Amino acid sequence: MFETIAPVYEKIYGSDHTNEPLKFFAPGRVNLIGEHTDHEGGYVLPCAITSGIYALANLRDGHSLRLYSLNFDDDFTPFEIDFNDINKKIDGSKSWVNYPLGVVNELKKLGINFSSGIDIIYNGNLPGGAGLSSSAAIEVLTVEIFNRLFNLNINSVERAKISQRAENNFVGMMCGIMDQFAVSTGKKDHAVLLNCSTLEYSYVPLKLGTDKIIITNSNVKHSLAGSEYNLRRQQCEAALKIIQSVKNNITCLSDVRPSEFETLASAIKDPEILKRARHVITENARAIEAAEKLRAGDLKAFGKLMNASHISLRDNYQVTISELDILADLAWNINGVKGSRMTGGGFGGCTVSIVEDGAVQIFQETISREYTKQTGRKADFYILDTSDGASQIF
Ligand code: GLA
């Protein structure tokens, strides 16, 4: 990847540098279970993946930031902005820069002074809009670039928090912390079990035996920054307020156990808000149980929880679309598939499935054929390959 970026870096920024630029990488992520629980203080179980975003970056004389992406730009003209002028979103064809600008904006709030300019070129191999967290990857990557170039001593948890704030405050997407956390703290051959209330986390080894985890891209691009994601959060907030009015000591929806929810449910009169709460509360319990099953190597039980997760996202949280339902349905009907569910925010993107080695070929063939027949679209498949979190590459 750096062989592709280096000549462009040289062409665009070359003459202004004395040192070689530094190399960086941030992975994407796939969430195994615990969907739409992060913003409600619950548990999530994502993995960092080997596809992600790479960057070359270096300091330069001056007081401006120059940004260029091989994924979005083709005019060899970087976007340039003085650090002092970074305070509002950019519209139009360069709107991808809002992710790095949001990061710089948050670093400024921490009182960090930028003693020189910075040049960055990004290039990623994550499919865009597929729900594999290209946004979190570019945010965490940018924090890491500033971290190294200005010796800021930011640890991986702080890096995730800064990135989430960039997305909430600058981009305007009210995401939870799962994506940035997975991208920042991920570990090869492990999933990250994160308590989103306390940010305590542990690594769960991916004991897959001969099974494979397959990510299937519906090739329907999600548009999460749109109203639906933020609307779901508001509905969860409304549910929480009602529950708090009838029960003490509840700080977030994920504090409620599924058994006690059934007695609290009658207080929630709006059927839509009730469903949103039911999803979060049951999904949180599923995530905790699924992590135990994974630790015990019980992939069969894990897979059943994945299926239940999809059904709840479809019927209660209502963020699946017909393409994701078709992919899950097809998978559930193939022998040797232990579980399958949509992953990420929903409204497009990917499913994640546990498939026995001997069924991988039939899985891909059947789904390719039937998905195209039913939707007119093509599905893409990636066998999960996990990665460590974002870092400088030496
Ligand atoms: C998106 C958000 C995350 C999380 C998931 C759903 O990926 O960025 O914070 O809420 O949706 O689990």
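A backbone N or O atom of Gly345 lies 3.4 Å from an oxygen atom of the ligand. That is a polar contact, meaning a pair of N or O atoms within 3.5 Å. For His36, a backbone N or O atom is 2.7 Å from a ligand oxygen. Arg29 uses its side chain instead: an N or O atom there is 3.1 Å from an oxygen atom of the ligand. Taken alone, the ligand exposes 310 Å², and the protein buries 97% of that. Such areas come from the Shrake-Rupley method with a 1.4 Å probe.

This is a predicted model, where local features need pLDDT of at least 70, side-chain atom pairs count only at pLDDT 80 or more, and totals for chains, interfaces and linings use all residues. Residues are numbered from 1 along each chain as its sequence is written, and side-chain values use heavy atoms, without hydrogens and water.

Now look around the ligand. Its surroundings include Glu35, Asp38, His39, Cys175, Asp179 and Tyr229; a residue is near if one of its heavy atoms lies within 4 Å. By class, this shell has 3 nonpolar, 5 polar and 4 charged residues. Asp, Glu, Lys and Arg count as charged; Ala, Val, Leu, Ile, Met, Phe, Trp, Tyr, Cys and Pro count as nonpolar; the others, Gly among them, are polar.

The ligand sits in the largest pocket, with more than half of its atoms within 2 Å of the pocket's grid points. On a 1 Å grid over the protein atoms alone, a pocket is an open set with protein on both sides within 12 Å along at least five of seven lines, while a cavity is a set of points where a 1.4 Å probe fits but cannot get out. Lining residues have an atom within 4 Å of a point.

The largest pocket holds about 920 Å³ of space, a volume filled by probe spheres set on the points. Its lining counts 44 residues, with Tyr99, Gly129, Ser134, Ser135 and His222 nearest the centre. Helix H3 (134-149) is one of the elements giving two or more residues. H3 provides the largest share, 4 residues. The lining has 18 nonpolar, 20 polar and 6 charged residues.

The whole structure has 1 cavity of 30 Å³ or more. The largest cavity has a volume of about 40 Å³. Leu32, Ile213, Phe302 and Met306 are among its lining residues. Helix H9 (299-315) and strand S11 (350-355) each give two or more residues. H9 gives the largest share, 3 residues. This lining has 10 nonpolar, no polar and no charged residues.

Terms used
A polar contact is a pair of N or O atoms within 3.5 Å; within protein, one must be able to donate a hydrogen and the other to accept it, and residues adjacent in sequence count only if both atoms are side-chain atoms.
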